[in-house]
Amino acid sequence: MIQERYSPEAIEKKWQQRWTESGVYRCSHESDKPKYYVLEMFPYPSGNLHMGHVRNYSIGDVVARFRRMQGFNVLHPIGWDSFGLPAENAAIKHNTHPARWTYSNIDNMRSQLKRLGYSYDWQREIATCRPEYYKWEQMFFLRLLEKGLVYRKKAPQNWCPSCHTVLANEQVIDGLCWRCDSKVEQKDLTQWFLRITAYADELLQDLSRLEAGWPDRVLAMQKNWIGRSTGAQITFGLEKPCGGADSIDVFTTRPDTLYGVTFMTLAPEHPLVEHLIEGYENADAVRAFVQRIHNMDRLERQSDTLEKEGIFTGAYAVHPLTGEKVPLWLGNFVLAEYGTGAVMGVPSGDQRDFEFARKYGLDIRVVVQPRDEELDSASMTAAYHDPGVLVNSGPFTGMDSEDAKQAIVARLEQEGKGRGTVQYRLRDWNISRQRYWGAPIPVMYCETCGVVPEQEEHLPVTLPMDVKTREDGRSPLPEHAPFVECTCPRCGGKARRETDTMDTFVESSWYFARYTSARNTDAPFDMDALKYWLPVDQYIGGVEHAILHLLYSRFFTKALRDCGFMPADTHEPFTRLLTQGMVLKNGSKMSKSKGNIVDPTQMIAKYGADTVRLFCLFAAPPERDFDWSDSGIEGASRFLSRVWRLFVDARASLSAVQPCSSTAADAGTPAARDLRRKEHLTAKKAGEDMGDRFQFNTAIAAIMELVNAMYACRGELCASEGGARVFSSAMATVIALLSPVTPHFCEELWEELGHREGLTFQPWPQWQEEATRQDMLTIALQVNGKLRGTLEAPAGSDKTALEALARADESVLRHTAGLTIRKVIVVPGKLVNIVAS
């Protein structure tokens, strides 16, 4: 017997237990249904869900439930991105072990997710800190090492002094650590890198595969980060060979300006600097400049707002085509690891070079100018960087600048002093981290054999649990003899294990594939499962991962394909991407420091999980931020209570019918016809908004309007047999349409309606075209453009019929009495305007 009042707690626990016991959300790739893989971005087990989590996972759950009702075999998994700095730092703060902290948090957050009723296949749950997961990651490392896609080198690295670890370029934001906001320093370290640049072209080209499903903003961010530039590599000879070199290469996208080079700027870290300044009277000043710039943040050095600084080395290069001496300067805006670590200075064509030349009194030579204007270098106030005509450019003078690019490159190639080439902004991915809580890098160092990979049959190299983390965050692994000390598998001599661990972004770069066969102990993936499930059909997460996680996942997918771990026709991991907005409070991002946190657990206890889900989905379109409001969630609660009350009040007249199942014969009265039409129009709109546009808020609004219509006619319809069938059908439709949003609530009403099978695989309501048509239309009647009344006319009435009805209408007759009708304007389905005088 249904309760008189909606009480969510008991209902939600009942259905969560039933779903768990029945395993209704489990799925298999051995199915003849079409597949649909929906996934929310990998959660870090921080300990408690926040409202941003709830919104993200609620969006994913609506999509999963909707697609099941459409007949898809749905994979909707969950797991934990459980390695990394946050867990280690939190464990240190609370004087506990990172493993204990992490697994406790996982248990708590798993309980919270289940309390929200998400339709996950929990048998596929994974945690990246478990050896059975990172064993395969270590195998990937070894295979990539074999293919030359992993290498080790010493180079200046982004160093966070608070986290005691290096950061990838993508993890430095405005010169600060992405995790703790500490100022990032530069530190020379020998690190392990993944050669992501080997896939730069494919990563860029395959963005076209994503144009139909990814936000333009994200595609643009990835394209800019990869940063493909077409140009030329040009060789400038050295006036005095030094350091074993007799030339310096530069890259430029503007070879047409080559004759405008008046200086060259090298990175302070360039390996030739010390040789170039040998014997120079200002060598000490140059060394001081090098040391000062070396400590600057590398991203700050690339900023457009950076004040450009430089110093002359006392050395000269030789222009490849003119033979002129070109002074060699060092500049704070040139980085050794970008391009060749040297750039040619063309102050007339580049604003940065223009400002640098003006500051240090260097020559400015005009070589490209507009067709209709002659530029004077002495009076120029800014560089001219647009296309034009070449001047002062030897045999190329008078050429169009675009044509000159190719001509000058051809001349350089002919003389062996340059070539056309492509350069990328993208840099290889530094995956070494000097922290404990991460996947061990499976290599060792032998005095005899050098760097030695671990043998695959000995994987995983297990992270030791019997260590105590340090208060300052430094890794305890280098001093943990049972882990570090090992035997070289090649010579049998003593060796030491690598004590750096892998960047946690490595774990999150392939987890979506592991979900397809999460319990496979023989291989990282079951190939048949991969072929069936991948790519992910719908991925959901924050735009803050547009470069980091998404770019790394795309790279890993392609690299694993080329190592034979994925099907040969694999290209991209995620077909569609939805970047949801944030949940704010009082206009600001929720944070403890601002005191504006809304605890999901408290909201669930007060209103129920379905109400929380409903409000998060109704408050705004998913891609936009929304401001949490108490009145908003109270409104969501009132709406569910209103639906419940409508059901209870009409219970005696309701029957166990299917959605959209009443017939035209059942709808024998205008009120019944109107409700039936409203029901089918709502099913049409809700299906389109949920399935095609992900506009859950407008779908919910349409359902609310249908409920209002049902309240308006329930007395009349429930009094007749046909009307009751129409009302029952509308009630079944409301329940089915709402079920992806508020599943517990709807399952309870569905069962009370008399259905024995649950809503999980209930077909989505099928609206009918004939039911959406109106039998009668309301036509506005105007006399001389003024509204004088309305009339009811059969739908489809032509102009002649509508004019006849209008001429016979009493209000028209009254307002045209004594007048002559001059003209009748008919807009079918809308109005009739009679012009009389």
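Because the model is predicted, local features require pLDDT of at least 70 and side-chain atom pairs count only at pLDDT 80 or more, whereas totals for chains, interfaces and linings use all residues. Residues are numbered from 1 along each chain as its sequence is written, and side-chain values use heavy atoms, with hydrogens and water left out.

The protein chain contains 27 helices and 34 strands, assigned as DSSP runs numbered from the N terminus (helices H or I, at least four residues; strands E, at least two). Its C-alpha trace spans about 105 × 80 × 50 Å along the principal axes. Of the 837 residues, 57% are buried; buried denotes under 20% relative accessible area, exposed over 50%, and partly exposed the range in between (1.4 Å probe, protein chains only). Contacts are defined by heavy atoms within 4.5 Å. Among contacts between residues at least 6 apart in sequence, 73% join residues at least 24 apart.

Two packed helices are described by the angle between their axes and the distance between the axes. The axes of helix H1 (residues 8-22) and helix H24 (residues 743-752) come within 9 Å and cross at roughly 85°. These axes are lines fitted to C-alpha atoms, for helices over the stretch in contact, with angles running from 0 to 180 degrees between N-to-C directions. H1 and H24 are therefore roughly perpendicular to each other, a class that covers 65 to 115 degrees, with angles under 35 degrees counted as roughly parallel, over 145 as roughly antiparallel and the rest as oblique. The residues of H1 in this contact are Ile-11, Glu-12, Lys-14, Trp-15, Gln-16, Arg-18 and Trp-19, and those of H24 are Pro-743, His-744, Glu-747, Glu-748 and Glu-751.

The whole structure holds 48 salt bridges, each being a side-chain nitrogen of Lys or Arg within 4 Å of a carboxyl oxygen of Asp or Glu. In one of them, the closest N and O atoms of Arg-110 and Glu-125 are 3.0 Å apart. Arg-110 lies in helix H4 (residues 98-115) and Glu-125 in the loop between H4 and strand S4 (126-127), so the pair ties together parts that are 15 residues apart in sequence. Both Arg-110 and Glu-125 are buried. A salt bridge also joins Lys-359 and Glu-307 (3.3 Å, N to O). This pair links distant parts of the chain, 52 residues apart, with Lys-359 in helix H11 (residues 351-360) and Glu-307 in the loop between helix H10 (298-301) and strand S13 (310-318). Lys-359 is partly exposed, at 42% relative accessible area, and Glu-307 is exposed, at 56%.

Lys-685 and Asp-689 form a salt bridge at 2.9 Å, N to O. Both residues lie in helix H21 (residues 670-693), four residues apart, about one turn of the helix. Lys-685 is partly exposed, with a relative accessible area of 34%, while Asp-689 is buried, with a value of 1%. Elsewhere, salt bridges that share partners join Glu-202, Asp-206, Arg-209, Arg-554, Lys-558, Arg-561, Asp-562 and Glu-572 into one network.

Asp-428 is situated in the loop between strand S18 (418-424) and strand S19 (429-430). Asp-428 is buried yet has no salt bridge, the nearest side chain of opposite charge, that of Arg-195, being 4.4 Å away; Lys and Arg count as positive and Asp and Glu as negative, while His and the chain ends are not counted. The side chain of Asp-428 makes a polar contact with the side chain of Thr-197 (2.6 Å), and it reaches the backbone nitrogen of Ile-196 at 3.2 Å. A polar contact is a pair of N or O atoms within 3.5 Å; within protein, one must be able to donate a hydrogen and the other to accept it, and residues adjacent in sequence count only if both atoms are side-chain atoms.
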